[in-house]
Amino acid sequence: MEVSRRRFLSIGPMGVLGGSALGFDLTESIAIKQRLRIEGATLSRSLCPYCAVGCALIAYTKKAPNGRTELLQIEGDPDSPVNEGTLCPKGATSLQLAVSGRRVPHPLYRAPGAAEWTQVSWEFTLDRLARNIKDSRDATFVTQDAEGNVVNRCEGIAFAGGAAFSSEEGYLATKLMRGLGLVHLEQQARV
């Protein structure tokens with residue numbers, strides 16, 4: 001079968017994957033391969049972390065021979081009334097958020113003036129963050145505005161809430177930031 005460029009493009013990727021242009025159908029073998037990959041895996045339902053839409057995900061995990069839990073696949077949940085099994089391009093790559101070889105698994109710190117990053121502990125990192133927040137707050141805290149009105153606010157720190165925050169998490173984060181005197185608060189509704 002001769003396939004012109006125009007015919008090839010009109011078939012689309014599913015047609016090519018399905019093999020109809022090649023003269024045989026690969027659909028069944030693709031389905032079997034997919035089933036074997038997740039056969040015996042534990043199914044867990046979750047939500048996509050990227051935006052406020054709240055698309056439902058299904059994560060397939062399996063115990064590896066070394067005892068660690070291995071994440072095999074993440075896909076849209078077809079039973080979800082929100083996304084009906086579909087995912088946006090970001091959500092469709094959420095597996096890489098967890099298993100990417102380029103993901104940094106521990107905190108890194110580059111001291112002022114240093115050229116290299118060094119691995120540090122979470123305790124060091126959290127202490128350093130707390131110290132920097134305290135120093136920034138102290139340096140930029142304003143007690144009165146230009147007209148002498150008492151304002152008691154921190155103008156040197158801004159906070160952007162996560163898109164996947166629940167109402168309770170958003171409330172808690174807002175209370176914490178307001179307690180520090182922050183006035184520049186925003187919510188990441190969709191990026």
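Two strands count as paired if DSSP finds at least two bridges between them. Strand 6 and strand 7 form a hairpin with five residues between the strands. This is a predicted model. The chain has 191 residues, and 21% of them are buried. Its secondary structure comes to six helices and eight strands.

**Overall layout**

- Along the sequence, the elements follow the pattern α-α-β-β-β-α-α-β-β-α-β-β-α-β.
- The accessible surface of the chain is about 14,200 Å². Carbon and sulfur atoms supply 57% of that surface.
- Consider the contacts with a separation of 6 or more: 34% of them join residues 24 or more positions apart.

- Three strands make an open sheet in the order 1-2-3, with antiparallel pairing.
- Strand 1 (42-47) and strand 3 (69-76) are the edge strands, and each pairs on one side only.
- On average, neighbouring strands in this sheet are turned by 30° against each other, direction ignored.
- Helix 2 (residues 27-38) packs on the sheet, where it touches strand 2 and strand 3. The direction of helix 2 makes about 135° with that of strand 3.
- Strand 2 (residues 56-63) runs antiparallel to strand 3, and seven bridges join the two.
- Ile58 has Glu75 in strand 3 as its bridge partner.
- As background, strands of a sheet pair through backbone hydrogen bonds, either parallel or antiparallel.

- Strand 6 (residues 141-144) and strand 7 (residues 150-161) pair in the antiparallel sense, over three bridges.
- Gln144 stands opposite Val150 of strand 7.
- In this hairpin, Gly148 takes a positive phi near 90°.

**Salt bridges**

- The count comes to five salt bridges.
- Asp79 and Arg45 meet through their side chains, at 3.9 Å from N to O. Asp79 lies in the loop between strand 3 and helix 3 (89-92), and Arg45 lies in strand 1, so the pair ties together parts that are 34 residues apart in sequence.
- Asp79 and Arg45 are both exposed.
- Lys134 and Asp138 form a salt bridge at 2.7 Å, N to O. Both residues lie in helix 5 (residues 122-140). They are four residues apart, about one turn of the helix.
- Lys134 has a relative accessible area of 41%, so this residue is partly exposed. Asp138 is also partly exposed, with a value of 42%.
- Glu155 pairs with Arg153 in a salt bridge, with the closest N and O atoms 2.7 Å apart. Glu155 is partly exposed at 39% relative accessibility. Arg153 is partly exposed too, with a relative accessible area of 27%.
- Salt bridges with shared partners join Arg45, Asp77 and Asp79 into one network.

**A nonpolar surface patch**

- Val104, Leu108 and Trp117 make a nonpolar surface patch of about 310 Å².
- Trp117 sits in the loop between strand 4 (108-109) and strand 5 (118-119).
- Why does Trp117 count as exposed? The cut-off for exposed is over 50% relative accessible area. Trp117 is at 52% relative accessibility, so this residue counts as exposed.

Terms used
Residues numbered from 1 in each chain as written. Predicted model: local features only at pLDDT ≥ 70, side-chain atom pairs only at ≥ 80, totals over all residues. Heavy atoms only, no water. Axes fitted to C-alpha atoms, helices over the stretch in contact; angles between N-to-C directions. Contact = heavy atoms within 4.5 Å. Buried < 20%, exposed > 50% of the residue type's maximum accessible area, 1.4 Å probe, protein only. Areas by Shrake-Rupley, 256 points an atom, 1.4 Å probe, with all protein chains shown as cover. Patch = residues over 30% accessible without salt bridge, like charges linked within 9 Å, V, L, I, M, F, W, Y side chains within 5 Å. Salt bridge = Lys/Arg side-chain N within 4 Å of Asp/Glu carboxyl O.
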